[in-house]
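Me: I've got a model open and want to talk it through. Can you walk me around it?

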Amino acid sequence: MAVHKVLVAALLLVAVAVAQTCDSQSNGNCKYSDSTARSKVNSAGISVSSSGGCSNRNDASCTSLDQVNCNTVADVITLHSASGCAVTITGGTETGHASGTFSHWNGYKLDLSMTSCLTNYIEKSFYKQDDTHWISAAGNIYYYESNHWDVCYCS
C-alpha cells in the first residue's frame, strides 16, 4: 500500500511539472512535411484517415501532417509500439482545431481513433488527472473526447 501511495504521489508531481513546464519546452524546433510524416507513421504501422480524403492543411475536412513536430511523430510511434494497438490518426495540423501554442496547427497535437484497445491501454498505463485527462510518464496529455483521443505531445 505504501508503494502505491508513493507511486501516486510521484505521478501527481509529474502532472504538476507538466502543467508548469509544458509552456517552456521546445518540441517545435523540428518539423516534418506531410509526406515525410506520413511515411514515418505508415512505416511504423500507423494509418492516417481523413473524412475528406485529402491532406491539405488549409482544409478542415482533410487530415494533414504538414509541419507536425518531429517529437509528435516519434511519440505516436512509441504509443503504437508500447500499446500493441492499432493506431489511426484522424486529425493533425489542419485548420479547424482550437488555437494556442500547444495546438494541432503548431504540430503538438494529434487526434487518434478511439478503439477499446487504445482506450484500455491509456486508462491503465497513464496517470488519470480527472475524468477526461490522462498523463503519460513522458508528460503527454491524453484528452478523452466523445469519439476520439485528442493527444498533446508537449514533452
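This is a predicted model: local features need pLDDT of at least 70, side-chain atom pairs count only at pLDDT 80 or more; totals for chains, interfaces and linings use all residues.

Me: OK, back to α3. How many residues does it have, and how far does it reach?
Reply: Helix α3 covers residues 70-83, which is 14 residues, and reaches 20 Å from its first C-alpha to its last. That is close to the 20 Å expected at 1.5 Å a residue; the expected span is 1.5 Å times one less than the number of residues.

Me: Which of its residues are buried?
Reply: Cys70, Thr72, Val73, Asp75, Val76, Leu79, His80 and Ser83. Buried means under 20% relative accessible area, exposed over 50%, and partly exposed in between (1.4 Å probe, protein chains only). As background, an α-helix has 3.6 residues a turn, so residues three or four places apart point the same way.

Me: Zooming out, how many helices and strands does the protein have?
Reply: There are 4 helices and 9 strands, and from the N terminus they run α-β-α-β-β-α-β-β-α-β-β-β-β.

Me: What's the strand order in the 7-strand sheet?
Reply: The sheet is open, with the order β2-β4-β5-β9-β8-β7-β6 and mixed pairing. Two strands pair if DSSP finds at least two bridges between them.

Me: And which strands stand at the edges?
Reply: β2 (47-48) and β6 (127-130). Each has a single partner strand, so one side of each is left without a neighbour in the sheet.

Me: What about β5? Is it largely enclosed or left open?
Reply: Largely enclosed by the rest of the structure, because 4 of the 5 residues of β5 (109-113) are buried. Strand β4 (residues 88-91) is joined to β5 by 2 antiparallel bridges, with Ile89 partnering Leu112. Another 5 bridges join β5 to β9, again antiparallel, and there Asp111 has Asp150 of β9 as its bridge partner.

Me: How do β8 and β9 pair?
Reply: Antiparallel, over 4 bridges, with β8 at residues 141-144 and β9 at residues 148-152. One of the bridge pairs there is Tyr142 with Val151.

Me: Now the largest nonpolar core. Which members touch the most others?
Reply: Val76, Leu112 and Tyr142, out of 23 residues. The elements that each supply at least two residues include α2, α3, β5, α4 (116-125) and β9, and α3 gives the most, with 4 residues. By nonpolar core I mean a set of buried Ala, Val, Leu, Ile, Met, Phe, Trp, Tyr and Cys residues joined through side-chain atoms within 4.5 Å. A second, separate core of 7 residues includes Tyr108, Tyr127, Ile141 and Cys154.

Me: Which residues does Tyr142 touch?
Reply: Not counting residues up to four places away in sequence, the contacts include Leu79, Ile122, Phe126, Trp134 and Trp149. Contact means heavy atoms within 4.5 Å.

Me: Changing topic: is Asp34 buried or exposed?
Reply: Buried, with a relative accessible area of 13%. Asp34 lies in helix α2 (residues 34-43), and its side chain makes a polar contact with the Arg38 side chain at 2.7 Å. A polar contact is a pair of N or O atoms within 3.5 Å; within protein, one must be able to donate a hydrogen and the other to accept it, and residues adjacent in sequence count only if both atoms are side-chain atoms. Further along the sequence, Asp34 touches residues including Ser55, Thr63 and Asp66.

Me: And Asp131, buried or exposed?
Reply: Exposed, at 61% relative accessibility. Asp131 is in the loop between β6 and β7 (133-135).

Technical notes
Residues are numbered from 1 along each chain as its sequence is written. Side-chain values use heavy atoms; hydrogens and water are left out.
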